[in-house]
Each structure stands twice: as C-alpha cells, then as structure tokens.
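Okay, thanks for coming, everyone. I'd like to walk you through a couple of spots in this one, so let's get it up on the screen.

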Amino acid sequence: MSADRPIVNNSPHFDIAQAALLAPASLDIAALQGVLGSIMSHKVDYADLYFQYTRSESWGLEEGQVKSGNFSIDQGVGVRAVSGEKTAFAYSDDINLHALQQAANATRAISSLGNAQTAPGIARATPRQLYLPQDPIASLSADAKVSLLERLEQYARALDPRVTQVMASIAGEYDVVMLARHDGVMAADVRPLVRLSIQVIVEHNGRREQGSAGGGGRFDYGYFSDEVLHDYAQKAVHQALVNLEARPAPAGNMTVVLGSGWPGILLHEAIGHGLEGDFNRKGSSAFSNAIGQQVAAKGVTVVDDGTIADRRGSLNIDDEGNPTQRTVLIEDGILRGYIQDSLNARLMGMPVTGNARRESYAHIPMPRMTNTYMLNGDKAPEEIIKSVKKGLYAANFGGGQVDITSGKFVFSAAEAWMIEDGKLTYPVKGATLIGNGPDVLKRVTMIGNDMALDSGVGTCGKEGQSVPVGVGQPTLRIDGLTVGGTA
C-alpha cells in the first residue's frame, strides 16, 4: 500500500488507549497536565509521560509437538525530563497518580540547567492510521494456533524426504501506548505485531544443513494463510537443500552481488546506524559533519520510511508522539540528513524526523531506524549477474556485526553462489563479507530495478534496547569487496 496514505482521525487508537491506560487508574487529562506542570516549573526544557500496556505470547513447535509457550502482560509509565543535553528518567509499573508524582519528583535532579516553563493545555494529536487497532492474540483460538504450526511443519516435510527436523514458532503482541508532552500534545497508538518463523534441517549421506524463513507485520494471525505457510516452508527447505550441495567458499577480494530484500540488513547495519542523530551529534559516526558531501556512488538513494502501511518497522507515531515520516538520508550519493529524535534534533539545529523509539515504558527514547531501504536503479537483476566474470552472489544473510565509529562490518551469508562467466554455477558455504560501510557505498557500480522489502522479521538492537524494523534493497553489484571463506 502507498506510503502516502492520508492522515486520518486517530480516535479509535486514542479511545482504546484511554480505556486501557487511564480509566483503570481514574486518571484524566487534567491530572496529566498537573504532573507535567509540576515538572516544567522546575526549569527543564522538555518533559513527557509515556504510558504503555503490552500483552504478548509465543508458541514453539519441535518434533511435531508444541513444546513451548509463553504469555505475558506488562504495563507502566515512564516520566522524562530533558534539560540541555541531560535527561532525567524514572518509571513505574504502577499506573496511578501517586506513582506519576513520585516519578516526576525523581526527574528534578537536572532542573538547574533548563528554563522555567508552564505546560499548556493538552490537545489530542491526529496522526495517520497505517494499521488497524486490533488485538492479534485474540484473532485465533489456542487450538487454531497449534494447528497453524502443525500445518507449517507438514508442508515442509512434504517438500522433500531429506527434511529430518522442523522447528516453527509464532508470536503476537498487542501494544497500547499513550503519550502526553509538556507542549500540550497528547497522542496514542495501538500497535499489533505478529511474526512466524520456520527452521528446517535436512540430511543426506551423513551431511546436515539448515534453512530458515518467516515473516510478519502489523496485522493479526489471519495473514498467515495456507498460501503464506507454503511459501515460508518452500523458502526454508530451498535454502537448506542449496546448502546441502554447497562447496567451501573461496576467500579474497572480489565482485559481490547482493540479492534484493533481506540483504538490505547490511545497509541497515553498516550504514543506517551511522546515520542516527545521536552518533553524529557526538561526532562518533563515520558520517559526522558530512551533510552535502558525496558519501556513496551516484544512483544510491537511501530512505528511512516509517509510513508504509502494515510493515513491521512502521508506526503511526514515534515514541515522542511525533508522526513518522519518509526521510531521504542519501540522495544520488549525497548525504542529505540524519535520523532524529527531538533531543538530538534540537541540539543539532535540525528537523525532527519522527524516529524516536524506545523498547518500553522503562526505557528512554533514542533516534532509531524504522524501515530503511535503498531505492531502485535501472538494471535488471539478470543483467547484473551477467556482467560479473567471477564473483559471489549473496542471496541471503545470517548474522552480522558493525562498529559504528569506524563503519567496519562482518556479515555471514546464509545462502551464496559463485558467479562464473555471468552465470550462477554452484552454491558455497561459509562466506563472510568484510568491509567498511561508507566505503562499500562508493563501490556500488550497478543497481537493480527489483527493490523489495524483507518479509517482516527484523529486530534492531542498540544500547540494550530492541525494536522491530524493516529493511530492503534492490539487487546490487559491489566491486572489490573482501570475502572471507573456508576454502
């Protein structure tokens, strides 16, 4: 669906949040305004109250049986005050006026640096509606969830007799948030999230390999139709069977072609984190002070877009109550801006981009990515592969690591092929890509026309906080990348 869906009235989200978070504690808007007023009277620049109610579950199947299940409910409120560069934060897992007042008192330690202000009257914000305010956990019965996992396993086993083990899991979350700010803005969001994963192990002549697949987004379990389950099973089994035939990967400096979709995780890790405002304000990013400079090859355009309907990384509002947006970070190779929350945007004199995110009410927000991807070029993927005399095609990735300061990264390929004379000749195993994020951007020589987003499985970690994200890219040719191998 289009990222340009118009902003609509957010009353369903707001009414649900008010009933779930404020009404049980007999809190009203006047009480929130009073708490914010008491914080602002002690010379701070910014204050907010972040209420959250989360219900989550997960089910896991192994050896034909559901062997694990978890269910949890959590709720609480975080109280934050900002003065200059300093942040005071307190939280409580009790939502009541006394707990709010105690948390507010705890934030006064930084009050001497700010400017005394009075909190204005609170008004509702009306952000967009990118997903329905539904509860995915209630969308299927327990028996139906078990049946879904069992069908997924059956589909995988039916694809090939070499499939010896199938592990599958399903997870759902119903997240209700409400935020009140010192400047009078009050916003709410109801955030559904589901994810389904499958891992298979195949065995032949004593050799064992594995493959995985999955997906999800901001909808309920009804998304996982039999057609979707078949697709996940086929992808997981295909990857495992490819690896069953794989030879040891060669090492050296070579041309690498990255597939579309999930390989965009390299873009996320090696480049995206370096474009977050806090790292650049502190001068610790490889992209610090580089706005307006050529940081990538011509044709490379990278955006962060939190407004794509139903996507795992999308949000109606960020965790400071600002509407998410589509932000162009790199345009035709030129660095145009950073990902910002309100604190770093204010200190850097830059616009807020709607990228403030926190793991929960017990965490402070930071500038974080939503859905980060590279836009299309004009080359067919077949043409890109055909252009390579000898190199590596990385169709899918496993894990990876990056150093934000230097931009250096290491990624392991979950599925990779050798390219010889413009053709994929045989699969290889144990290939790792080693490089430097800013340098890799400049080595992009061909950009495909097949941009795809990942299937909805990404989770991003930063300073101990995890949040759901999306990634994507078209097929890319990168010249002169270091490949670590096992041959």
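This is a predicted model: local features need pLDDT of at least 70, side-chain atom pairs count only at pLDDT 80 or more; totals for chains, interfaces and linings use all residues.

Let's start with T475. Find the loop between β24 (470-473) and β25 (476-484), and that's where T475 sits. Is T475 buried or exposed? With a relative accessible area of 2%, T475 counts as buried, because the cut-off for that is under 20%. Its side chain makes a polar contact of 2.7 Å with the side chain of D450. Setting aside neighbours within four places in sequence, T475 also touches other residues, including V257, L258, P381, I384 and M446.

Now over to helix α4, residues 142-159. It has 18 residues and runs 27 Å from first C-alpha to last, close to the 26 Å you'd expect at 1.5 Å a residue. Which residues of α4 are buried? Those are K145, L148, L149, L152, E153, Y155 and A156. Look down the axis of α4 and these buried residues fall within an arc of 160°, so they line one face of the helix. On the face turned away from that buried side, you'll see the exposed residues D143 and A158.

And what covers the buried residues of α4? Among others, strands β1, β2, β5 and β6, plus helix α5.

Over residues 136-244, the chain is 34% helix and 46% strand.

Notes: Residues are numbered from 1 along each chain as its sequence is written. Side-chain values use heavy atoms; hydrogens and water are left out. Helices (H or I, at least four residues) and strands (E, at least two) are DSSP runs, numbered from the N terminus. The expected span of a helix is 1.5 Å times one less than its number of residues. Buried means under 20% relative accessible area, exposed over 50%, partly exposed in between (1.4 Å probe, protein chains only). The arc is that of the directions from the helix axis to the C-beta atoms. Contact means heavy atoms within 4.5 Å. A polar contact is a pair of N or O atoms within 3.5 Å; within protein, one must be able to donate a hydrogen and the other to accept it, and residues adjacent in sequence count only if both atoms are side-chain atoms.
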